[in-house]
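Subject: Structure handover

Hello,

Here is the structure we discussed. My notes on what was found follow below it.

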Amino acid sequence: MSFFTDELAKISFVPLQEEHLELVRQWRNSNAVNQHMITQEYISREQQQQWYQSRNSELEAYFIAQYSGDNIGMFYWTDINQEVSSIQTHGFIGEAQWHNTPVSSLAIVAFYQLCFQQFDMVWGRILKTNKNFLSLHETLSASFTDQGNYIFCELDKNTFCSSSLAKLL
């Protein structure tokens, strides 16, 4: 086994629970995470609770990413389109010690592996200032469309599976 395969095996996803809300809110409000988000407003406890109660499990799914059992971030999908088997993906690494490390990249790859168990296409919007995230998606052979302040990114299952990074795993 390679280093990457060994590390990838340490990444897991657990469904978001109410007990995670304050941790997620703290991560999301931190400058390190917030600066890379399309929506950057401060989130209060009340707003977080309202959001949690209003989620639609038929159109979205939320997960806490764990590395060796420790919570490191949140990944989720929304906008499920069954007709074309696609979803919009979102996520962030909340724990600063894992920012810009191989673990953060592998968490994204592991999340896409999870997504591609059920869907054929993932898409999302990435701020142009988020150079590391854009670079990873280039390595995964995603397609890009300039949308002003952000880049629209698409990745299909076959392209992901044949990308140079996926071949390392």
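Strands β2 and β3 (residues 70-81) run antiparallel and are joined by seven bridges. Please keep in mind throughout that this is a predicted model.

Within that pairing, Gln-66 has Asn-71 in β3 as its bridge partner. The hairpin of β2 and β3 has two residues between the strands, and Ser-68 there takes a positive phi near 50°.

On the next pairing, β3 is also joined to strand β4 (residues 86-93) by seven bridges, and these two strands run antiparallel. Asn-81 stands opposite Ser-86 in β4. The hairpin that β3 and β4 form has four residues between the strands, and Ser-85 in its turn has a positive phi of about 55°.

Helix α2 (residues 21-29) packs against these strands. Its buried residues are Leu-21, Val-24, Arg-25, Trp-27, Arg-28 and Asn-29. They pack against β2, β3 and β4, and against the helices α3 (31-34) and α4. In an α-helix, with 3.6 residues a turn, residues three or four places apart point the same way. Leu-21, Val-24 and Arg-28 are among the buried positions in α2.

Glu-60 deserves a separate look. It lies in the loop between α4 (45-54) and β2 (61-67). Which side chain of opposite charge is nearest to Glu-60? That is Arg-55, at 5.8 Å. A salt bridge requires a side-chain nitrogen of Lys or Arg within 4 Å of a carboxyl oxygen, and Glu-60, although buried, has no salt bridge. The side chain of Glu-60 does reach the backbone nitrogen of Asn-56, at 2.8 Å. Leaving aside residues up to four places away in sequence, Glu-60 touches Arg-55, Trp-77, Thr-78 and Ile-80.

Last, the cysteines. How many disulfides does the model contain? The count comes to zero. A disulfide needs the two sulfur atoms within 2.5 Å. The sulfur of Cys-153 has its closest cysteine sulfur in Cys-115, 12 Å away, and so is too far for a bond. For Cys-161 the closest cysteine sulfur is also in Cys-115, at 12 Å, which is again too far for a bond.

Regards

How values were computed: Residues are numbered from 1 along each chain as its sequence is written. This is a predicted model: local features need pLDDT of at least 70, side-chain atom pairs count only at pLDDT 80 or more; totals for chains, interfaces and linings use all residues. Side-chain values use heavy atoms; hydrogens and water are left out. Buried means under 20% relative accessible area, exposed over 50%, partly exposed in between (1.4 Å probe, protein chains only). Lys and Arg count as positive and Asp and Glu as negative; His and the chain ends are not counted. A polar contact is a pair of N or O atoms within 3.5 Å; within protein, one must be able to donate a hydrogen and the other to accept it, and residues adjacent in sequence count only if both atoms are side-chain atoms. Contact means heavy atoms within 4.5 Å. Two strands pair if DSSP finds at least two bridges between them.
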